[in-house]
Amino acid sequence: MTENAIFSPARAPLSLALLVLPQSSILEVASALDPLRNANRQLGTEAFRWRVVTPDGAPAPLTCGLSLPSTGPLAAAEGAEMLIVVAGYRLDQVATRPLIRDLRRLAPRFALVGGIDAAPWVLARAGLLSGYRATVHWEDLEDLATAHPDIDVVPDRFVIDRNRVTIGGAAPAADFMLQLIRARHGAPLARQVANSFLTIARPGSEPQVAARQPDPGLDPRVAAAAKRMEARIDTPEPVAETAAAVGLSPRRLETLFRAAFGTPPGAYALSLRLQAARRMLTDTRHPLAEVALRTGFTSPATLSRAFRRTYGHPPGQLRRLST
């Protein structure tokens, strides 16, 4: 897996600097820090130390509306053994050229550099993932692989490659921290920490999307149909084909979908495609024609009409508001 000494048994405290960019998720911050906090509590000693830094040292506004206090700017991370970047939305605004420059300059001073959720994009822009195996949030896997062919992009929950770690999101961040705790202090402690949060540690090699489990109360045929729709955002199939694939008649599939989701299967599939389009409009620079293509619409005009009917405004207005 890795030869990094950080993952060797050790009694000495391990220091982590968490660089939180504006518009990150509070859940990802908590998933990175709370397992370490709990491990310290279980051990009765400070086995893990951390500091939270932001690009300019100011509090970081998070997606939930709260602001996260900071101990200083990125330079204050120096002296830590690990630097983990947390990023979410509006990368074009928050991943500034000075930040990319500083990350590139400071990265060699840490034994391990990583990124959570959208942060692998930031590391990639700094040239810190070239020649590495890496992951990113599942919604961005294809785009990252296309934009950076020098990176071996995989759909794993988290990837450790030498002195880099990339993590797909909040839950995988907790998985990674549990693995770190296990490597340094043993499996019993890692299990105690996981039990404290009523969870289990999933391996990094587990695919992100496959790990998303359906509602246990959901009819398996409905779950299978919904999964097919999620996998065919760019090439939607007729409802009759979906029904046949899961062994149902179109009428029976509609009855089950209305009971489970309150909407017919065609409308459910359309909502998935429009949600994907909405995310691309706010989180990427893809032109409208490409967004339409990637979400299974025959033209930008077709996407615009469907978007306006659902959200009450054209897609271009959303893009203007998000910039």
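**Exercise 1. Count the helices and strands of this protein, then judge how compact the fold is.**

Solution. Start with the inventory: the secondary structure amounts to 14 helices and 10 strands. Next, take the radius of gyration, which is 22 Å. The globule rule gives 20 Å for 323 residues, and the two values are close, so the protein is as compact as a globular protein of that length. Keep in mind that you are working with a predicted model.

**Exercise 2. Work out the strand order of the open sheet and find its edge strands.**

Solution. First, a reminder: strands of a sheet pair through backbone hydrogen bonds, either parallel or antiparallel. Here 6 strands form the open sheet, in the order 2-1-5-6-10-9, with mixed pairing. Now look at the ends of that order: strand 2 (48–53) and strand 9 (158–161) are the edge strands, and each pairs on one side only. On average, neighbouring strands of the sheet are turned by 15° against each other, ignoring direction.

Then zoom in on one pairing. Strand 5 (residues 82–87) and strand 6 (residues 112–117) run parallel and are joined by 6 bridges. In this region, Leu83 stands opposite Val113 of strand 6.

**Exercise 3. Describe how helix 1 and helix 6 lie relative to the sheet strands.**

Solution. Take helix 1 (residues 26–43) first: it packs on the sheet and touches strand 1 (14–20), strand 2, strand 5 and strand 6. The direction of helix 1 makes about 155° with that of strand 2. Now turn to helix 6 (residues 170–185), which lies across strands including strand 1, strand 9 and strand 10 (164–167). Helix 6 runs at about 45° to strand 9.

**Exercise 4. Classify the ring pair of Phe307 and Tyr311, and decide whether each residue is buried or partly exposed.**

Solution. A pair of aromatic rings is described by the distance of the centres and the angle of the planes. The structure holds 6 aromatic pairs. In the pair of Phe307 and Tyr311, the centres are 4.6 Å apart and the planes make 50°, a tilted arrangement. Next, consider the sequence: these residues are 4 apart in helix 13 (residues 300–311), so about one helical turn separates them. Finally, check accessibility. Phe307 has 0% relative accessibility and therefore counts as buried, while Tyr311, at 26%, is partly exposed.

Key. Residues numbered from 1 in each chain as written. Predicted model: local features only at pLDDT ≥ 70, side-chain atom pairs only at ≥ 80, totals over all residues. Heavy atoms only, no water. Pairing = 2+ DSSP bridges. Helix = DSSP H or I, 4+ residues; strand = E, 2+ residues; numbered from the N terminus. Axes fitted to C-alpha atoms, helices over the stretch in contact; angles between N-to-C directions. Contact = heavy atoms within 4.5 Å. Rg over C-alpha atoms; globule rule 2.2 N^0.38 Å. Phe/Tyr/Trp six-rings, centres within 6.5 Å; stacked < 30°, edge-to-face > 60°. Buried < 20%, exposed > 50% of the residue type's maximum accessible area, 1.4 Å probe, protein only.
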